[in-house]
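Morning, everyone. I have one structure for you today, so let me put it on the screen.

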Amino acid sequence: MDESIPDYGKVLDDLVQVALAGGKMILAGAETIHQRNNNAVKEKLNSTDLVTETDEAVERTVMGLLKAKYPSYRFIGEESNKNEPLTNEPTFICDPIDGTMNFVHGHPYVSISLGLSYMKRPVVGVVYNPFYHHLYTGAVGSGAFFEDFRGKRQLPMRHSTTPLEALSACLILVEWGKERCGVNFETTVETFKNLSRQEGGFVHDLRTFGSAALNLCTVATGAGDLCWGGGWDAWDVCAGWAILLEAGGKMVDGNPSASLDEPPLGGKRFLAGKSVP
Ligand code: IPD
Ligand code: CA
C-alpha cells in the first residue's frame, strides 16, 4: 500500500473526536455570545459575513489537535486561510462554525465541519451539530452515517422510490449567500422565483437553513432532494460532500451550462442531488 494514502478510517475516528471537542466549545461560546465585550462579533466581507471569537478559538483548537496528530498533512481553515492553493497532498479542510449567522442569533442550525481532501477530492467528512447532537460522518469506501440520541444509522435514511423525474416533487435547499448585489445576487433571486412559481418549477418548497455543510448532509440523509448554492468555499463543502458521496448522492457544478462531471473543491457553485434508486 502506498504510504502516502491516508488511512481514512483512522482519520474519520480522529475527526469525530475533534468535532466533539469543538462542539463543546461552540456550546460554551453560545452561552456568552450576548455578553458585552465577550465573544466579539466582527464583520468580514459585509454585515452578512460574520466571525466570532468562538469561530477563531475553535479553529485554533482544531488546527492544533490535527497538526499534533498529522504533522505532515496540510491544513486549510476558514478563519486562518491565506488563499493557499489546494494540492494533491492530504489536506484537512475545516470550518469551525458553519452557520455563524445562526450562531450569532442563537439559532441552533450550526455545525462544525471537518473534511479531508486527498488528490484534491473530498475523502473523509465529519459534520456535527452540537446543539442537537447530530453527527454525520462519511469516509471513502466505508459508507455514510448519521448518529443522534436514538443511535447510529446508515445514510441515506430515506429513499425516494422513483428517480427524481420532476422538480415539482422536490424539496430544495438553497442559500441567499453573502453577496447581496450584482449579477450573482440577481441570478439567485431569479432562480428562487423560477423554482417556486406555479408557472415555473413549482417545487414542493425551498429551504434556507444557513449552513451549507448541514444542507449537504440533509441531502445525504434523503430528507432534501437537491441543494443549490453559489459562492461556497472548500471549507463550506468538503466534509458534507464526502458524506454525500458515501451516501450515494452526486455533486455537480451549479451552473446550468456546466458539464455533469464532478466539479473541483474550489468550484464555488454547486448542485448536490440525493441518492436515488
Ligand atoms: C456560510 C453558510 C451559508 C452559506 C454561506 C457560507 P459560514 O458559512 O454555509 O449557508 O450560504 O455561503 O459562507 O460563514 O457560516 O461559515
Ligand atoms: Ca464558518
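I will go through the domains, their interface, the ligand site and then some backbone details.

First, the ground rules. This is a predicted model, in which local features need pLDDT of at least 70, side-chain atom pairs count only at pLDDT 80 or more, and totals for chains, interfaces and linings use all residues. Residues are numbered from 1 along each chain as its sequence is written, chains are lettered from A and ligands numbered from 1 in the order in which they are written, and side-chain values use heavy atoms, with hydrogens and water left out.

Now the domains. The protein chain splits into domain 1 (8-154) and domain 2 (171-274), with bounds from an automatic or database domain assignment. Their C-alpha centres sit 20 Å apart. Domain 1 brings 41 residues to the contact and domain 2 brings 26, where contact means heavy atoms within 4.5 Å.

How much area is buried between domain 1 and domain 2? About 2400 Å², with 66% of that from carbon and sulfur atoms. Buried area here is the accessible area (1.4 Å probe) that two parts lose on being put together, summed over both. On the domain 1 side, Tyr109, Pro122 and Tyr136 lose the most area to domain 2, together 26% of what that side buries.

Next, the polar side of the interface. The two domains share 12 residue pairs in polar contact, both residues at pLDDT 80 or more. A polar contact is a pair of N or O atoms within 3.5 Å; within protein, one must be able to donate a hydrogen and the other to accept it, and residues adjacent in sequence count only if both atoms are side-chain atoms. Strand 6 (121-129) is among the strands that supply at least two residues each to the domain 1 side. Strands are DSSP runs (E, at least two residues), numbered from the N terminus.

There are also 2 salt bridges across this interface. A salt bridge needs a side-chain nitrogen of Lys or Arg within 4 Å of a carboxyl oxygen of Asp or Glu. Arginine 121 pairs with glutamate 262 in a salt bridge, closest N and O atoms 2.7 Å apart. The whole structure holds 16 salt bridges.

On to ligand 1. Which residues are closest to ligand 1? Asp98, Gly99, Thr100, Lys178 and Ala212, out of 13 surrounding residues; the cut-off is a heavy atom within 4 Å. Glutamate 78 puts a polar side-chain atom 3.1 Å from a ligand oxygen. Serine 211 uses a polar backbone atom, 3.3 Å from an oxygen of ligand 1.

Glutamate 78 also forms a salt bridge with lysine 44 (3.1 Å, N to O). That pair links distant parts of the chain, 34 residues apart.

Last, the backbone. Most residues other than glycine have a negative phi, and most peptide bonds are trans. Methionine 119 has a positive phi, near 55 degrees, and is found in the loop between strand 5 and strand 6. The peptide bond from leucine 155 to proline 156 is cis, with omega near 5 degrees. Proline 156 is in the loop between strand 9 (151-154) and strand 10 (171-174).

Technical notes
Helix = DSSP H or I, 4+ residues; strand = E, 2+ residues; numbered from the N terminus.
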